[in-house]
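Please go through the notes below with the model open.

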Amino acid sequence: MGLKEEFEEYAEKAKKLPENTTNENKLILYGLYKQATVGDVNTSRPGMFNMKDRAKWDAWKAIEGKSKDEAMSDYITKVKQLQEAAASS
């Protein structure tokens, strides 16, 4: 299985993470997913009254410059870590 296929598999698994997954971890996953699928941020930062979208944009911007393959690999690793943490709790 190639990296892209494994990434897509873990993107589906991420949808099944427990409800108690922290917002911080969700934002990390969001940023990695966007970097892996789109690349560097290509939109302007949302306004200060749109806190949710602004936090998501900031998470994506924080990893700007990371290659798509590296972002895919980091995403897979993060989902595995969250699955293991959920299984042990």
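1. Helices (H or I, at least four residues) and strands (E, at least two) are DSSP runs, numbered from the N terminus. Gln35 sits in helix H2. This is a predicted model: local features need pLDDT of at least 70, side-chain atom pairs count only at pLDDT 80 or more, and totals for chains, interfaces and linings use all residues. Residues are numbered from 1 along each chain as its sequence is written, and side-chain values use heavy atoms, with hydrogens and water left out.

2. Gln35 is buried, at 1% relative accessibility. Buried means under 20% relative accessible area, exposed over 50%, partly exposed in between (1.4 Å probe, protein chains only). Leaving out residues up to four places away in sequence, Gln35 touches Asp40, Trp60, Ile63, Glu64, Gly65, Lys66, Lys68 and Ala71. Contact here means heavy atoms within 4.5 Å.

3. Ala59 belongs to helix H3. Ala59 is buried too, with a relative accessible area of 18%. Its contacts, again without residues up to four places away in sequence, are Leu27 and Gly31.

4. The whole structure holds three aromatic pairs. Rings of Phe, Tyr and Trp (its six-membered ring) pair if their centres lie within 6.5 Å; planes under 30 degrees apart count as stacked, over 60 as edge-to-face and the rest as tilted. Phe7 and Tyr33 are stacked, at 5.5 Å centre to centre and 25 degrees between the planes. Phe7 is in helix H1 (residues 3-14) and Tyr33 in helix H2 (residues 23-37), so the pair ties together parts 26 residues apart in sequence. Phe7 is buried at 3%, while Tyr33 is partly exposed at 35%. Phe7, Tyr33 and Tyr75 make one aromatic cluster.

5. The largest pocket has a volume of about 570 Å³. Of its 18 lining residues, Ala14, Lys26, Leu29, Tyr30 and Tyr75 are the closest to the centre. A pocket is an open set of points on a 1 Å grid over the protein atoms alone, where a 1.4 Å probe fits, with protein on both sides within 12 Å along at least five of seven lines; lining residues have an atom within 4 Å of a point. Grid points are joined across faces, edges and corners, and the volume is the space filled by probe spheres set on the points.

6. H1, H2 and helix H3 (51-61) each give at least two residues to the lining of the largest pocket. H2 supplies the largest share, six residues.
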